[in-house]
Amino acid sequence: MDFSTALRTERLIAIVRGRDAEASFRTVMALAEADLPLIEVSLSGNDALSVIRRARAELGDAAWLGAGSVLTASDARRAAEAGANLIVTPGLGAGLEESVRQGLSTLAGVLTPSEVIAADALGVSALKLFPASFGGPGYLQALRAPFPELPFVPVGGVDAAAAPAYFAAGAVAVGVGSPLIGDAADGGDLDGLRKRAAEFKAACAP
């Protein structure tokens with residue numbers, strides 16, 4: 001399954017950003033076991049590349065395993081070397097351009113119409129509306145008016161209660177960090193994570 005199909009089928013990207021690399025790895029594995037197959041590990045977390053490398057070894061080549069907060073071309077190259085097959089950026093820049101050049105699936109951070117046009121011209125896989133909380137579902141709906149065919153993924157401030165409104169506004173998927181992960185990636189409760197995973201799967205179901 002290619003990324004665009006996976007995105008529209010699963011409708012949820014789980015974003016792991018932790019202070020504890022071992023806990024972050026356990027979180028990634030718990031998410032995969034909870035049948036949340038689109039997982040992003042933010043490079044702003046502690047020792048994130050090792051988390052990606054270990055998770056790739058456990059999950060196999062076919063799993064969708066992303067690197068987030070990719071800013072530079074070096075970030076993109078190191079993430080790909082660690083096993084990431086999805087690159088997520090907070091905005092436009094060298095990290096995104098290098099990821100597209102390498103032929104990696106890309107989720108490009110955008111907020112304004114000009115950024116949407118620039119990202120689409122690069123040939124990115126999907127558009128990460130970030131921070132989604134800037135304007136909420138109403139802003140997404142307005143932004144889609146001139147870009148009705150482009151795939152938007154709101155990220156930032158999306159919880160289980162808000163997700164249905166974003167889908168109603170035209171999102172193909174949502175990206176969720178702390179409302180889903182909680183303290184699991186810092187060494188916290190994995191049982192709570194599993195419960196929230198089930199809640200988010202229900203909220204994001206077609």
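Reader: How many bridges join strand S5 to S6, and which way do the strands run?
Author: Four bridges join S5 (residues 105-110) to S6, and the two run parallel; strands here are DSSP runs of E with at least two residues, helices are runs of H or I with at least four, both numbered from the N terminus, and two strands pair if DSSP finds at least two bridges between them. This is a predicted model, in which local features need pLDDT of at least 70 and side-chain atom pairs count only at pLDDT 80 or more, while totals for chains, interfaces and linings use all residues. Residues are numbered from 1 along each chain as its sequence is written, and side-chain values use heavy atoms, with hydrogens and water left out.

Reader: Which residue of S6 is the bridge partner of Val110?
Author: Leu129 is the partner of Val110.

Reader: And what does S6 do on its other pairing, with S7?
Author: S6 pairs with S7 (residues 152-154) in the parallel sense over three bridges, and Leu127 stands opposite Phe152.

Reader: Are the faces of S6 covered or open?
Author: Both are covered, with Ala126 and Lys128 buried on one side and Leu127 and Leu129 buried on the other, where buried means under 20% relative accessible area, exposed over 50%, and partly exposed in between, using a 1.4 Å probe and protein chains only.

Reader: Switching to the backbone, where is the cis peptide bond?
Author: The cis bond joins Phe130 and Pro131, with omega about -10°, and Pro131 is found in the loop between S6 (126-129) and helix H7 (136-144).

Reader: What about phi of Asp47?
Author: Phi of Asp47 is near 50°, a positive value in a residue other than glycine, and Asp47 lies in the loop between strand S2 (38-42) and helix H3 (48-59).
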